[in-house]
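The sequence and the structure come first.

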Amino acid sequence: MFDRLTPAVKNLLIINVLVFMAQTMLPWGGRIDDLFALHTFGSDKFSLFQIVTSIFMHGSVGHLFVNMFALWMFGSILENDIGTRRFLVYYFVCGIGGGILHDLVLMWQFDRMAELAQAFFDNPSNSLLVDFLSKYGDGIYSVPSFDGASPDSYPLVQGGEQAVRELLRLYNDRTTVGASGAVFGVLLAFGMMHPNDRIMLLIPPIPMKAKYFVLAYGLLELMLGITDNDNIAHFAHLGGMLFGFILLTYWRRRGGLYRHTRWN
């Protein structure tokens, strides 16, 4: 089965596994993460090349397996459809686009966080501290309890300013890794080019047409990206799909690059 993989997909699988082994097995694997994972645009550790290198990195065995399984399942079909060179262009456009959109969302979120922090610094109060920690404590700092009384009827919580500054630093130093943006782009392309092929869901185990699967997955990612705070880069997934859709649409208008040109 491995021998039947297309060239680009086979090499992408190998590179991703080797990079993950370097991350986890080498004594300086943590340095690899620090240098090559995608930092936020506002971080002093951000470098432009991280938008590419982070695509080959993963945070866990499960993270790696899910992405590589999807790449194995759909990537060779897409590469056969559009050719190796275009497949690689498409893969990297989706991965890079996903990373950019994710970091832009993080930057917007950090600006909202910084505004609330500045309001606290300008006028320190327990109510503002509770509001900040409720939104951004992320399990690192617990929200103070005032037994139902007004927070501002108590003396200002000691260490509040330090906690706010530390959370700002941690938020701005977050990193993102994974091929998810590229893989979600591949998934989108499969849904557009093979809309009526059936995909068997695992939970629940029912068949679903590819076009409905992709649409449902995209809507789910949008909902989770807006509502959840689960350390999953939902907007990187959406960015991969968005940039993939734009590129496929452009290629189609330039001369019908692939066989299926619309959802049907």
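## Nonpolar cores

A nonpolar core is a set of buried Ala, Val, Leu, Ile, Met, Phe, Trp, Tyr and Cys residues joined through side-chain atoms within 4.5 Å. Buried here means under 20% relative accessible area. The model is a predicted one. Its largest nonpolar core holds 38 residues, and those touching the most other members are Leu 71, Leu 78, Ile 82, Phe 87, Tyr 90 and Tyr 91. At least two residues of this core come from each of α1 (7–25), α4 (61–82), α5, α8, α9 (210–227) and α10. The most is given by α8, with ten residues.

Another core, of 13 residues, lies apart from the largest one; among its members are Leu 129, Tyr 136, Val 164 and Tyr 171.

## Overall make-up

The protein chain contains ten helices and four strands. Read from the N terminus, the order of elements is α-α-β-α-α-α-α-α-β-α-β-β-α-α.

Of the 264 residues in the chain, 42% are buried. Among contacts with a separation of 6 or more, 70% link residues 24 or more positions apart.

## Helices α1 and α4

The axes of α1 and α4 come within 9 Å and cross at roughly 170°. Angles over 145 degrees count as roughly antiparallel, and α1 is therefore roughly antiparallel to α4.

On the α1 side the contact involves Pro 7, Ala 8, Val 9, Leu 12, Leu 13, Asn 16, Val 17 and Phe 20. These meet Val 61, Leu 64, Met 68, Leu 71, Trp 72, Gly 75, Ser 76 and Glu 79 in α4. By class, the contact of α1 with α4 has twelve nonpolar, three polar and one charged residues.

## Helices α4 and α8

Between α4 and α8 the axes come within 9 Å, crossing at roughly 45°. That angle makes α4 oblique to α8, and the crossing is left-handed.

From α4, the contact is made by His 63, Asn 67, Ala 70, Leu 71, Phe 74, Gly 75, Ile 77, Leu 78, Asp 81 and Ile 82. From α8, Ser 180, Val 183, Val 186, Leu 187, Ala 189, Phe 190 and Met 193 take part. Twelve residues of the contact of α4 with α8 are nonpolar, four are polar and one is charged.

## Helices α5 and α8

Helix α5 (residues 84–122) packs against helix α8 (residues 180–193) at an angle of about 125°, with the axes 7 Å apart. The two helices are therefore oblique to each other. Their crossing is right-handed.

Phe 87, Tyr 90, Tyr 91, Cys 94 and Gly 95 of α5 make the contact with Gly 181, Ala 182, Gly 185, Val 186, Leu 188 and Ala 189 of α8. Eight residues in the contact of α5 with α8 are nonpolar and three are polar, with no charged residues.

## Two single residues

Leaving aside residues up to four places away in sequence, Phe 87 touches Ala 8, Val 9, Leu 12, Leu 71, Gly 75, Leu 78, Glu 79, Ile 82 and Val 186.

Leu 242 sits in helix α10 (residues 234–253).

Terms used:
Residues are numbered from 1 along each chain as its sequence is written. This is a predicted model: local features need pLDDT of at least 70, side-chain atom pairs count only at pLDDT 80 or more; totals for chains, interfaces and linings use all residues. Side-chain values use heavy atoms; hydrogens and water are left out. Axes are lines fitted to C-alpha atoms, for helices over the stretch in contact, and angles run from 0 to 180 degrees between N-to-C directions. Angles under 35 degrees count as roughly parallel, over 145 as roughly antiparallel, 65 to 115 as roughly perpendicular and the rest as oblique. A crossing is left-handed if the near helix is turned anticlockwise from the far one by less than a right angle, and right-handed if clockwise. Contact means heavy atoms within 4.5 Å. Ala, Val, Leu, Ile, Met, Phe, Trp, Tyr, Cys and Pro count as nonpolar, Asp, Glu, Lys and Arg as charged, and the others, Gly among them, as polar. Buried means under 20% relative accessible area, exposed over 50%, partly exposed in between (1.4 Å probe, protein chains only).
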